[in-house]
Amino acid sequence: MRYVMKGGNPLAGEVTISGAKNAALGILAAAIMSDETVIIENLPDVRDVAVMLEAFREIGVLVDRSERHRVKINAANIFTACADNPSIKKIRAGYYLLGALLGKYRHAEVSMPGGCNIGNRPIDQHLKGFRMLGAVHENNNSRVILDAKELKGAHIFLDMASVGATINLMLAAVLAKGNTTIENAAKEPHIVDVANMLNSMGAKIKGAGMDTIRITGVERLHGTEYAIIPDQIEAGTFMMAAAVTRGDVTVRPIIPTHMDAISAKLMEMGCEIIEQGDSIRVVGRPALYSCNVKTQPYPGFPTDMQPQMGVALSLAEGVGTITESIFENRFKYVDELSKMGADTEVKGSVAIFKSSGPLKAAELVAPDLRAGAALVLAGLAAEGVTVLDGVDYVLRGYEDFDEKLRGLGAEIILTDSEEDVAQSKLRIG
Ligand code: UD1
């Protein structure tokens, strides 16, 4: 799939933010841990969610998604704890099935996680925690197999504040015997959301959102009805879209505190930020000023907003830097920005952006999900018609991205064949 877009329009208006993809994936995994029906609301309609639900169906979970943003799940009749269909290999969060199935059935077999190629992405911390809870683990044909006679609470210290490991270990520990402590836990908004959801099912989790999470195991989890939080990264992407197109965009609904790191940087770059209730309005200015950014675990600047920030810095006056401290392979979009005339350079984990005037349209390829979204922003800020290939990545994590952008005045078309691309160029060129 490709986007064909013509840059130059300042985006303006209000955009509705969907449920958080990364929270949804953890919450869906939690939902299969009960034998009772679980209803999840504000579910984003993105490909990663569809893949997860597909994997559920294949192991016997009843999935009723008759409404686009609401799913009813009943996992009383799961007939295998082995989730190894080809689709689950494609998404990173397939690994949450390890924690969920191990917790519920004391056995789990899941294909090794895929997802974006943004670095080495090991899961040693997940496995260390599972072992401490009493599981033995083996790898077989790129499948992770976990087995436990019983799961017993443990004191787990994570070597790094891993989002995936924190959620996975919470999932397993809520049905373990006794008390578990996860130290150096990740604090991202979706950790708190998954914990709240599990607690609404009868789990006993305290401290989610802080460095130390304490869990008291329970016998079973019951059904629940739960609404997912708004997507911090989707909202941040639209905020950045306002900045790079010198527009005026309101994102709603959002939880303002989740956006603090992003809002702070946008203000430093000269944008006006107006917070009101469950919305933030970003008013772009004719000139953007450079700044220095370092990605960090929450509440620091999110690595998932790093490429979008790279686009903003390549349009800003002065010299700006981004230090990527979470994933080692997250600057692949920089080569694409160079094709648009950006003056950028990557030295190890630091990218340097120098002012180089307006970006120019180019033929681009999305290297991964967030980089793909960032290159859309670049295309919308550039002079001329840009074609972005590899848009399937973007569809994994953004619901109706092109439609939402059009609602703000962007000229962007989602298209497939070469012929369509030519037609689309004619339509908007
Ligand atoms: C999740 C998000 C992803 C986001 C990232 C950081 C999902 C589905 N994905 O990814 O969008 O970019 O958090 O906010 O929610 N690490 C290890 N060993 C482990 C686990 C992690 O070395 O066992 C390292 C990773 O290589 C990385 C760092 O820890 O350098 C953080 O990774 P982690 O927080 O686990 O990211 P993911 O859960 O993969």
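Okay, let's start with Ser314, which sits in helix α10, residues 306-314. Helices here are DSSP runs of H or I with at least four residues, numbered from the N terminus. Before I go on: this is a predicted model, so local features need pLDDT of at least 70 and side-chain atom pairs count only at pLDDT 80 or more, while totals for chains, interfaces and linings use all residues. Residues are numbered from 1 along each chain as its sequence is written, and side-chain values use heavy atoms, with hydrogens and water left out.

So, is Ser314 buried or exposed? Its relative accessibility is 1%, so Ser314 counts as buried. Buried means under 20% relative accessible area, exposed means over 50%, and partly exposed is in between, using a 1.4 Å probe and protein chains only.

What does the side chain of Ser314 reach? That would be the backbone oxygen of Val311, at 2.7 Å. Further along the sequence, setting aside neighbours within four places, Ser314 is in contact (heavy atoms within 4.5 Å) with Leu337, Ala342, Thr344, Phe353, Ser356, Gly357 and Leu359.

Next up, a pair of helices. α8 covers residues 232-244 and α9 covers 260-268, and they pack at about 10° with their axes 10 Å apart. Those axes are lines fitted to C-alpha atoms over the stretch in contact, with angles from 0 to 180 degrees between N-to-C directions. That makes α8 and α9 roughly parallel, the word for angles under 35 degrees. Who meets whom? On the α8 side we have Gln232, Gly236, Met239, Met240 and Ala243, and they meet Ile262, Ser263 and Leu266 of α9.

Last topic: aromatic rings. Rings of Phe, Tyr and Trp (its six-membered ring) pair if their centres lie within 6.5 Å; planes under 30 degrees apart are stacked, over 60 edge-to-face, and the rest tilted. How many aromatic pairs does that rule give? The count is 5. One of them is Tyr95 with Tyr96, edge-to-face, at 4.9 Å centre to centre and 70° between the planes. Tyr95 is buried at 8% relative accessible area, and Tyr96 is buried at 4%. Then there's Phe331 with Tyr333: their centres are 6.4 Å apart and their planes at 50°, so this pair is tilted. Phe331 and Tyr333 are both buried. And to finish, Tyr3, Phe238, Tyr398 and Phe401 form one aromatic cluster.

Definitions and conventions. Helices (H or I, at least four residues) and strands (E, at least two) are DSSP runs, numbered from the N terminus. A polar contact is a pair of N or O atoms within 3.5 Å; within protein, one must be able to donate a hydrogen and the other to accept it, and residues adjacent in sequence count only if both atoms are side-chain atoms. Angles under 35 degrees count as roughly parallel, over 145 as roughly antiparallel, 65 to 115 as roughly perpendicular and the rest as oblique.
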